[in-house]
Amino acid sequence: QDTKVVSASNGNSADSMTAIAVDNHAQLAKEISKKYIITDGHIDVPYRLEDEFENVAEHTAHGDFDFPRAVEGGLDAPFMSIYIPAELEKTGGSKELADKLIDMVEGMVKTSPNKFALAHSTQELDANFAKGLVSFPMGMENGSPIEGDFQNLEHFYQRGIRYITLTHSKANHISDSSYDTNRPAKGLTPFGKELVTKMNNIGVMVDVSHISDDAFYQVMEISKTPVIASHSSASHFAPGFERNMSDDMIKLLAKNDGVIQINFGSTFISQVSIENRNAFKAAVKAYSEENKFSDDSDEVKAFSKEYRIKTPFVYANLDNVLDHFDHVVKLVGIDYVGIGSDYDGVGDSLPTDLKDVSSYPNLIEGLLNRGYSEQDIKKILSGNLLRVWKAVEVYS
């Protein structure tokens, strides 16, 4: 560093000055990560632990989240995703699984009260931050556990659910899905439309991630409070991927005073990654159909492994993620974008430099390098989401 300073002082090395600025940004990024609340709108820890339990109060061998890495990254308020698989809409058991996963989150807090705390309100979140605790606000990914009964909305509100993603990968009794070609409701169902109003009234944020475009526009017509996209990205960079949000949708979300929280998954943010994945899936499908193998056969598994050896998955990088933040800011302003990484939810598709919850300083450093001010970054880290949550609290 001293050499760089001397070189720069001689006036003959602009590159050295840039290097110093970057070094300073790395340190400043770490300071900012500790100084302000960092919220992440969507982290799939509960369902990951349902599959294979680990004690996330200590360093874990698997997954993207644990307490030591959260502390390293400055993460203060990961929204624990109460994820419900789409198939339970038909087979039953949605409400039971949701309650079980909430029990799990409460259990993590009970066994590690010096590390974790529940956060059922913005006030509790602020208090936890002052105590140095990692807050666990909760959001429900897939409204299937409502099971057509508004009393279940009250039940889950009392249990701490503060947003509901109306559906997931298949249409349910609330809404059509962006992933599902079967769209019986042509947007929201009559029950779904009434549920949006009930959510406004009780104080649960409406999450438009995963729902079809038609459903999104209907939500925007109905909701009296700002809404969130808890883990979505800009379809500007991935044309035709309805799971993301178009420029028109982002503008309408901003007009509603809502917030889009950027998903980090490579196949959300990079067209190259999407095309790479699609080519892989097409090749596997063609091979299995041609040879009449089942998808889970040893032959198909071997073919898939060999394909990936020859044609590795293409990961996005930090710049790709930053491009999505830039796009939203240039389109509607700094007040309508946040973080919704989808850690533990997108498998092995996370970008280089953003591989787990220790990585938020990398994101902050990237924003600093692109000219964002500290106050702008504070809004991205938590200010925008907390503004929406407070507005929903006040309305209810």
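The following legends describe close-up views of a predicted model. As a predicted model, it is described with local features only at pLDDT of at least 70 and side-chain atom pairs only at pLDDT 80 or more, whereas totals for chains, interfaces and linings use all residues. Residues are numbered from 1 along each chain as its sequence is written, and side-chain values use heavy atoms, with hydrogens and water left out.

**View 1. Confidence along the chain.** The predictor's confidence in each residue, pLDDT, runs from 0 to 100. The chain has an average pLDDT of 94, and 94% of its residues score at least 70. Confidence is lowest in helix H1 (residues 2-9), with a mean of 29, and highest in strand S7 (residues 205-207), at 99. Residues 1-14 have a pLDDT below 50, and beyond near neighbours in sequence this stretch has 15 contacts in the model. A contact here means heavy atoms within 4.5 Å. Under 50 as well is the pLDDT over residues 16-20, for which the model has 9 contacts beyond four places in sequence. Helices (H or I, at least four residues) and strands (E, at least two) are DSSP runs, numbered from the N terminus.

View 2. Helix H14 comprises the 13 residues 298-310. At 1.5 Å a residue, H14 should span 18 Å, and its end C-alpha atoms are 19 Å apart, which agrees; the expected span is 1.5 Å times one less than the number of residues. Val 300, Ser 304 and Tyr 307 are the buried residues of H14. They lie on the same side of H14 because they cover an arc of only 65° around the axis, the arc being that of the directions from the helix axis to the C-beta atoms. An α-helix has 3.6 residues a turn, so residues three or four places apart point the same way. The buried residues of H14 pack against helix H13 (271-291). Asp 298, Lys 301, Lys 305, Ile 309 and Lys 310 are exposed residues on the face of H14 turned away from its buried side. Buried denotes under 20% relative accessible area, exposed over 50%, and partly exposed the range in between (1.4 Å probe, protein chains only).

**View 3. Aromatic pairs.** Rings of Phe, Tyr and Trp (its six-membered ring) pair if their centres lie within 6.5 Å; planes under 30 degrees apart count as stacked, over 60 as edge-to-face and the rest as tilted. By this rule the count comes to 18 aromatic pairs. One of them joins Tyr 179 and Phe 241, which is tilted because the ring centres are 6.3 Å apart and the planes stand at 40°. Tyr 179 lies in the loop between strand S6 (161-165) and helix H9 (190-202), and Phe 241 in the loop between strand S8 (228-232) and helix H11 (247-255), so the pair ties together parts 62 residues apart in sequence. Tyr 179 is partly exposed at 37% relative accessible area, whereas Phe 241 is buried at 14%. Phe 303 and Tyr 307 form a tilted pair, with 6.4 Å centre to centre and 40° between the planes. Both residues lie in helix H14, 4 residues apart, about one turn of the helix. Phe 303 is partly exposed at 23% relative accessibility, and Tyr 307 is buried at 18%.

**View 4. An aromatic cluster and arginines over rings.** Phe 280, Tyr 287, Phe 293, Phe 303 and Tyr 307 form one aromatic cluster. Arg 308 lies over the face of Phe 280, at 4.3 Å from the ring centre. Elsewhere, Arg 162 lies over the face of Tyr 157, at 3.8 Å from the ring centre. A charge sits over a ring if NZ of Lys or CZ of Arg is within 6 Å of the ring centre and within 35 degrees of the ring normal.

**View 5. The loop between S5 and H8.** Gly 148 lies in the loop between strand S5 (138-141) and helix H8 (150-158), and is partly exposed at 43% relative accessibility. Leaving aside neighbours within four places in sequence, Gly 148 is in contact with His 173 and Phe 191. Glu 147 is found in the loop between S5 and H8 and has a positive phi of about 50° although it is not a glycine.

**View 6. Surroundings of Arg 48.** Arg 48 lies in helix H3 (residues 45-51) and is buried at 13% relative accessibility. Not counting residues up to four places away in sequence, Arg 48 touches Glu 54, Val 56, Thr 60, His 62, Gly 63, Asp 64, Phe 65 and Asp 344.
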